[in-house]
Structures are given as C-alpha cells and as structure tokens.
Amino acid sequence: MEDGFSSYSSLYDTSSLLQFCNDDSASAASSMEVTDRIASLEQRVQMQEDEIQLLKSALADVVRRLNLSEEQQAMGSRRGPTKDPALMRKSPSADSNVGKPARPMIATLPLRPTVNNGTILPKKGSTLPSPSGSGSRKDTSTTANKSLSSLSRTTRILYLPLSTVRRANSNEHVGTLTRKDSGDSKGNRTRAGSTGSNSSGKRSDSKQRDPVFNAGMRRVTHCKEEGYVKMYLKGRPITMFMPKDQVDSYCLEARADLPSNKLKLDWVYGYRGRDCRSNLYLLPTGETVYFIASVVVLFNVDEQLQRHYTGHTDDIKCLAVHPDKITIATGQVAGTSSDGKQLAPHVRVWDSVSLNTLHVLGTGFFDRALVCLAFSKSNGGNTLCVVDDSNDHVLSVWDWQREDRLAEVKCSNESVFAADFHPTDSNIVVTCGKSHLYFWNLEKGMLVKKQGLFEKQEKPKFVLCVTFAENGDAITGDSSGNILVWGKGTNRISHVIQGAHEGSIFALCMLRNGTLVSGGKDRRLISWDSSYQQIQTVEVPELFGPIRTVAEGRGETVLIGTTKNFVLQGSLDGEFMSITQGHTDELWGLAVHPWKPHFLTCGYDRQVCLWDSSSHQLIWSKSMEDTAQSAGFHPSGAVVAIGTQTGRWLVLDTDSKDLVTVHTDGNEQLSVMRYGPDGNFLAIGSHDNYIYIYAVAENGRKYSRVGKCSGHSSFITHLDWSVDSQYLVSNSGDYEILYWIPSVCKQVVSVETTRDIEWATHTCTLGFQVFGLWPDGSDGTDINAVCRSNDKRLLVTGDDFGKVHLFAYPCSQFRAPSHFYGGHSSHVTNVTFLYNDSYLVSTGGKDMSVMQWRIV
C-alpha cells in the first residue's frame, strides 16, 4: 500500500501549481498587457483543472485499494495468517482488478446526503487527506494504517455506489419502485452497512445494523427484528412501529387489495357566482344547470335530485346552452395533473340527458382558460363562439359538430366579460369588456370588427353584459349603471336608460314575453317594458349579496345567481328562496356530528355552516369575526369547537348556534380541534408547535386549561385520541409522530407503550396503519387529510391534486392501490365519514365546494 502512495506522490507534483499561485503577474497591479494577463489566467485555470482531476483519480484508486485490503484481511482472518506478504498482493481478488481503470470518484458521489438509519450524514469531505499532505515520508507504517482506517470509515459511506451498500443476511427489507426483488448478488455485498446503529440507539456489535440507503430511490424499509417500517419523505426518515401481533407475519412486499366499496357523487353544495357570469339556466327537464369547481350540477329543485357532469379536470369558468336546450358547452382552465403534466384548457360539448361527452374543442389552441361561450341561434346552433383568457383574448368561431375552427381574431388586450351571437344573424358576434364593445362580422373566414361608438354618451370603464331585444337591437349594461340600446345592424346608440342602477349592472335577461330584467351591484332586480319604461323594482336581501346573473325560470319565476354564491328562485314581486348556497372563500374546517346525519363547515369567509346530509339543506349559518380554520364536535353533539387563524377558538351551541365560550391560545392558526372520546378533554393543535389541552366539564360548556404539550419542532397538522382517552398521537409539519399523555401534558417515548394503542379515530397522515397511502415521489405535503371509516374497513384521503382516494384499511403496504375520484378543482382540504359511514364529505380549498359522496 505504501508503494501505491509513493507512486502517486511522485505523480502529484505541485511545484508548477505553486509557481502559478505565487505569481502576481496576472493581478491588476501587474505591468503585463490585458491580453497577456487573460492568457496567464487561462493557463492557470487549466493547470488547476488538471491537478483536480489527478486528485480525483488518486482518491478513487485509494478507495479501490482500501476495498481490496479489507477483503484480503477478511479472507486472511478466515484462512489463518499468511506467511508470505507477496501472496497477499497476488490474491485472486487483487488480480480481478489488475488492468482496470480507476473508477472516477465523481461518478460515485450520491446525489443527496446519504441516510444512515434515520440520520442524515453530512458530507465529510474535510476529513479526506490530501495527497500532497500525506507525503510526509517520516510517517511509520502504523501511522499510515491508522490514517487508512480513518479514511475507510468516511469514504465507504460517501463514495461507494448504491448497489454495493447492501448488508448480507439483513433483516431489513427494502420496498423499491418496482415489485421485483432488488437483492444484489453475493459477490457485490460489502460490510459498509455496518456503519449504522440499531434502532434502539444502543451500539451493539453482535447485531446486524441498518444499511445505508438513498432516500430518493428506496422510500420504505422494513426491519423485522425491531418490528418497524421506515419511510422517507423529502429525505427525512419516519419510523413507524407495528403492533406486536403483526411483527412476525408482516411482509412489506405483500400486495394490498383495492377496497370492495366505491364512491358515487351524491350532492354538491355551492355555486360559483363570485367571479363567473352567465352560468345559470333552466332546462326543459325542470333542472337548473350551473357549475362549481370542475362539476356541472343539474339540480331538479322540485324532486330534490342532483345529477352531475364530471368530464372536466379543472375549474369550469363558462357555460352555454344550445337552442335545443339539451346540448351544453362548458369551458375549463388550464391545469396540472398529479404527475406534473399540463392539462390544456378546452371546451367540452355534452348531452344533458345522457351526460355523455359529444365533442372536445380547442385542446392545444386555447391559452390559460375560457371566459366566454355562446351558441349561435339562427342557424340551428351549428356554430359556437369562444373567448379565451390569453393576453389577446382570442375570439374564435367553431363548427362544433365537425370540431372545425372557422375563424379566429385577437379580440382585446383588456378583459372580456361577455360574447354572444346575434339572434337573427349567425355571422354577427358581439363582445364586450373593459373599455370596449365590438360588433364582429364573419366574412369568408375572417372576423371583421366594428367598434361601438359612444359619441355623446360618456364611455363607461366596463361594459359588463349584453343581450338582444326581439327586434334585433343589442342591449348592454355597464359599470356606470346605464343601460344602452344599440340599433340593429349598427354600432350606434339608439336609446339610453341613464342611471338604471346605482353602480354596475352585472346581468341582463330578456324574458319570453318581451320584458327586460336587469340586476346589479345594488342588489336590485328591475323589470322594463318594450319601451324601456320601468315596470317594478325588487331588492334582494343583503344576506344574498349583489346579483351576478339572471335567468328565466318556469312561468313567472326567475333564477338569480349572486356574488355570495347563492342561487335564488323567485318572482319579480320580490319573494326569493335560496335553492343553493355555499362558501365564498377558501374552505378548511370540517366536522361531523357524532350521532346525527349533520356536518359543519367553516373557512376564510368567516362563515360557520351546519348542514343536513339527508335533506341537503343548510340548518344554520353564523358569521364570525375571524377566519376559521378547524372544527370539532363534542362527543355529546351538544357543542362544537371552532378554531381560527388568530389563535382564538370558540364553542357554539349546536342547536341554537349561540356562543358558549371564547378562549385564545397563542396568535397563530389552530389547525386541529379534537375532543377526547369520553368528552373530558379538548386537544388543540396550533401552528406555534404546541398542543393545548383543556379539561372539559358540563357537557362541553366549561373549560379549564390543563397545559400544553411541547416537543414538536414544527406546526401541528393532525391529532388522534386513543379509545380510552388516555393517549394522544400527533403529526407535525416536519413529519414527526409523537405520543402524549394529555392529562399531564407529557410525551411518551416508550415504543412498547405506544405500538399497541387502539385509536378512536385515524386522521393522522403518518402512521403504520396508513403509510401505504403516500404516492411515489411525494414531497410530504401532497396529502392534506385522512379519515378512517367508523367500521374500520375504509380509509379516505384528500390530496393537492383535487382527488379523493378510497383505500382499504389498514393501509400498511407500500404503494397501496385505491379508487380515486375527481370533482374538486383545488386542493382537497378535508375529508370525513358521517357517523354511520353512509356518506363521505370532502371540502375543496380555493374551489369553495363541499361534496357529499355515497358509499356503494
């Protein structure tokens, strides 16, 4: 070995490098010309690169020789002492490497910090000896051997390729990305895995130790000896101990089964009126059609039945009904699938009777989203006009049955709010938006524009809506509160209703009897006769919000969509009934009643809503001062606790919605509110890393603080109580699993104490019984919520990709299969089963929807 180092010492001549390092000729103070200084610098850099490459080669050969030396020593210890040292150098293992080039060190460096039994090892490059520094010829062989031993301890971990880092006769099985056995051949195995420590933390040379693994490739490992599974999220190890009765029988590579049950979308609560227009219509079937998230809802109010079109993959932004009142077109935004692929914006044309998709238009043509849709009226509805949300807001006209684009044009670089065909001329399209009103004429595959002339009329900032009179006049409503009538075939104003509304006019609807109905920001619904004289005015209650869209209903009724996401049914006489309502901002809080078919939702709109899952009706709603984040029912069902984003939490009476008590813990959001099964304690998980414990008395009406559980190094995400209310398990933002005795706020560290605890609920996303739900490549934040069914047969999750997944429980096999369902167009923030497992409820974050699924 000394000979090898001597030869490399002779190769590694630093004199030329030192000469350049000490040469100041390339500095700014030098008298050399700039070009000469540059040439000198280039020469210096090239020489440094050569020196570095030689250093790499030298270290790589050192590693190879160390491996050979260890193998020879191991063979010698088994065969007895070797008398002739020359025979050691001529061993077969040494001959097998003769003539082979030294392996480049850089090729074997792990891409991420190497994980060794739950500890991320730092790169110990500073401990590697420099060849130039090891050239002290006075070192004895003993000193050299010590330095080699030290070097072997570091370089084995840092530079051995992953395929060689497997322990012989290991009790730890590795779940790979494929189902095939990933075991290496015996000849490739080394003792490098012995650098780890056992799971108990005590060093024991008599036991096999965990191998070193790459967290990016091998995500889950099983140690049968200790009875745990270890999973890696973002390179962080999470150790999950299994119950004792499963230690001997558990197999990581066993295949999990799909659940025997499936989900069927039963009801969708909510409507998107806050930022969408012209998205509410009545069909001849008696169904009201509207959308929320990526679902189109067909709601028969009389029969209280919903049907759903679920062909879209992301937010729906616009809707149009064909003159035949059967065919419907809807347009969606661009999105991203769970595997990172871009989903193009497109229009889907579908049958409202069969719910079958007939055509898909514009995939790859539209940009960002679709904002306006309209079918032609005079030619049997053969053409469809579409405006997308690109910078130029491209207007295109399609023969939708042939999926053929007839014409396209840049409409405006400002927002476009409405587009519609003229009722008697299918070659005329009218668009309106910010600071514009355009009349487009389709001629020989070209769209020719005429701009609306406001002349003496003050030009409004926004033209918000357009409809047509029976005689073909175009009628617009604008942000100044004026209704303007544009003569048929012209781009000039023929009549003005000045100050028709106080503020913006969002909606215009021409009824069958020739009455014009307008609605706006002032919440007034005004009807006008054919001479544009006001007939009557009705004001919608402030609770419902400004009027966003108006549609003709049955007989004398009208349908109204509001900016507070209500759908109202009523008459021009002023009686309105809410047929659909929902939240108006991001939604996170969800809790189910312990013995009634009721559930509660709350969110950033400061609204707390209690729903009846049987009648699909709102029982009550209550406004709050703070944005709400979480909720939990007392086991008696008498009260419900609401956690906010400010550290304040309050308790409401379930029947009367009266305030029972208010408390504050910290000043950060409270992510979890969870009562113990016996009702005697309330645990509150906060973003300040603490779990606050309160003693509860008088059936949930009296609270006294016990203390706070301190030990997490990140914010609390989920909590579960044991069946006997004696223990608590918690997850945090940095993937910790900790156990507690909440009555004394003490952490439990004994594995033997916690591994066999029976949990009353399972909402924690990390744990042995649920780790199989994590998908490949997850960053640890993809799963927002988990819930186990009350009969302990099913497990449901809500993820960041708008999907609800249904697994069989327990879900303790790597990459467990699931049924998954779309509908939400935002991250699914919460999921839970009703008390009797008849239904499942899920909440969308930014899509603000609540979806109820029947378990079939």
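## Salt bridges in the predicted model

In this predicted model, R705 is partly exposed, its relative accessible area being 43%. Its partner is D665: the two side chains form a salt bridge with an N to O distance of 2.7 Å. Because D665 sits in the loop between β46 (659-664) and β47 (670-675) while R705 belongs to strand β50 (residues 702-709), the pair ties together parts 40 residues apart in sequence. D665 is buried, with a relative accessible area of 1%.

The structure holds 26 salt bridges. Among them is the pair of D315 and R272, whose closest N and O atoms are 3.0 Å apart. This pair links distant parts of the chain, 43 residues apart: D315 is in the loop between β12 (305-309) and β13 (316-321), and R272 is in the loop between β8 (263-269) and β9 (281-282). D315 is buried at 17% relative accessible area, and R272 is buried at 13%.

D791 and R793 also form a salt bridge, with closest N and O atoms 3.1 Å apart. D791 is partly exposed at 37% relative accessibility, as is R793 at 40%.

## Backbone features in loops

L355, a residue other than glycine, has a positive phi near 65 degrees. L355 lies in the loop between β17 (347-351) and β18 (357-361) and is partly exposed at 22% relative accessibility. H616, likewise not a glycine, has a positive phi of about 60 degrees. H616 is located in the loop between β41 (607-612) and β42 (617-623) and is buried, with a relative accessible area of 15%.

The peptide bond from Y809 to P810 is cis, with omega near 0 degrees. P810 falls in the loop between β57 (804-808) and β58 (819-821).

Terms used: Residues numbered from 1 in each chain as written. Predicted model: local features only at pLDDT ≥ 70, side-chain atom pairs only at ≥ 80, totals over all residues. Heavy atoms only, no water. Helix = DSSP H or I, 4+ residues; strand = E, 2+ residues; numbered from the N terminus. Buried < 20%, exposed > 50% of the residue type's maximum accessible area, 1.4 Å probe, protein only. Salt bridge = Lys/Arg side-chain N within 4 Å of Asp/Glu carboxyl O.
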